[in-house]
Amino acid sequence: MTATVSFSVPSPHGPRTATVSYARKGVGAPLLLLHGIGHHRQAWDPVMDILATERDVIAVDLPGFGASPALPEGLTYGLSTVVPTLGAFCAALGIDRPHVAGNSLGGLLALELGRSKLVRSVTALSPAGFWTEAERRYAFAVLLTMRRAARGLPVPLVERLSRTAAGRTLLTSTIYARPGRRSPEAVTAETLALVHATGFADTLRAGTNVRFTDDVPGLPVTVAWGTRDRILVRRQGVRAKRAIPGARLIRLPGCGHVPMNDDPALVARVLLDGSR
């Protein structure tokens, strides 16, 4: 089921109404899925059907990404705003402390939701925030280059490139280790999602000073990293383990920055195990 929900969130100028688009499928304990910057909820499509056999899966378009409109005027894209907004989203759906899994930016948000005790378990796939300053600058430069390149391509050219394995590699090899596995329709849609992401610049700007250094006590935490991640290099996973000593640190062989497409069965198993 694809739907939207509107709900009230606090702001310095009084309550504002945010609207979020999401897809929901399956039965069982609720599992909230959060994508990375410039992406959309369809990043989770390769694992949705597997997860839905055991979980009530809610894949979210973060505010300002995918089909979700930008945050209301007066709200920033920092963690102090987006995390409570996601909490309000869950409350609007009547979901009390779901399990949460996130990738990249979504992984950072998932960990912050855990620190805020808004969820019952956290699984973070290549989460942001465990970088050195040099690694952050590199990652942001890659993301900005990807966005500039996508915005410079006419839609007919994107569609034509997406129809060939070589074209899909050109468009998405930065985030996927196996870009040829992605469907032409999916590659076109996610390239356009990057182009039209109204929250991209503000989210990137808000992340400039982000460092995740605190523990997430009292919750099961799983951190997984693709061995072929080209944006957030896998040694950052070791830092995540140091910051969160009780976390399980899992290696995802042959997977890139967005591993759901590279090995759906493995990633689904990690998410299901992490949300037991």
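Trainee: In which hand does helix 6 pass helix 7 in their crossing?

Mentor: Bear in mind that this is a predicted model. Helix 6 passes helix 7 in a left-handed crossing. The residues that make this contact are Arg168, Leu171 and Thr172 on the side of helix 6, together with Pro184, Val187, Glu190 and Thr191 on the side of helix 7. Sorted by class, the contact has three nonpolar, two polar and two charged residues.

Trainee: Why are helix 6 and helix 7 described as roughly parallel to each other?

Mentor: An angle under 35 degrees counts as roughly parallel. The axes of helix 6 (residues 165-172) and helix 7 (residues 184-195) cross at roughly 30 degrees, coming within 11 Å, and the two helices are therefore roughly parallel.

Trainee: At what angle do helix 4 and helix 7 pack?

Mentor: Angles from 65 to 115 degrees count as roughly perpendicular. Helix 4 and helix 7 pack at about 105 degrees, with their axes 8 Å apart, and are therefore roughly perpendicular to each other. Here Met146, Arg147, Ala150 and Arg151 of helix 4 meet Thr191, Leu194 and Val195 of helix 7, a contact that by class has four nonpolar, one polar and two charged residues.

Trainee: Turning to burial, how many of the eleven residues of helix 3 are buried?

Mentor: A residue is called buried when its relative accessible area is under 20%. In helix 3 (residues 105-115), ten of the eleven residues are buried, so this helix is largely enclosed by the rest of the structure. Among the buried residues are Leu108, Leu111 and Glu112. The elements that the buried residues of helix 3 pack against include strand 3 (29-34), helix 2 (79-92) and helix 8 (200-206). After helix 3 comes lysine 117, which has a positive phi, near 60 degrees.

Trainee: Which residues have the most contacts inside the largest nonpolar core?

Mentor: That core has 87 residues, and those with the most contacts inside it are Leu32, Leu33, Leu34, Leu51, Phe89, Leu111 and Ile244. Setting aside its neighbours within four places in sequence, isoleucine 244 is in contact with Leu111, Phe130, Phe212, Asp214, Asp215, Val216 and Val221.

Trainee: Is serine 126 buried or exposed?

Mentor: Serine 126, which lies in the loop between strand 6 and helix 4, is buried, with a relative accessible area of 1%. Not counting residues up to four places away in sequence, serine 126 touches several residues, including Asn103, Trp225, Asp229 and His257.

Notes: Residues numbered from 1 in each chain as written. Predicted model: local features only at pLDDT ≥ 70, side-chain atom pairs only at ≥ 80, totals over all residues. Heavy atoms only, no water. Axes fitted to C-alpha atoms, helices over the stretch in contact; angles between N-to-C directions. Helix = DSSP H or I, 4+ residues; strand = E, 2+ residues; numbered from the N terminus. Parallel < 35°, antiparallel > 145°, perpendicular 65-115°, else oblique. Left-handed = near helix turned anticlockwise from the far one by under 90°. Contact = heavy atoms within 4.5 Å. Nonpolar A, V, L, I, M, F, W, Y, C, P; charged D, E, K, R; others polar. Core = buried A, V, L, I, M, F, W, Y, C linked by side-chain atoms within 4.5 Å. Buried < 20%, exposed > 50% of the residue type's maximum accessible area, 1.4 Å probe, protein only.
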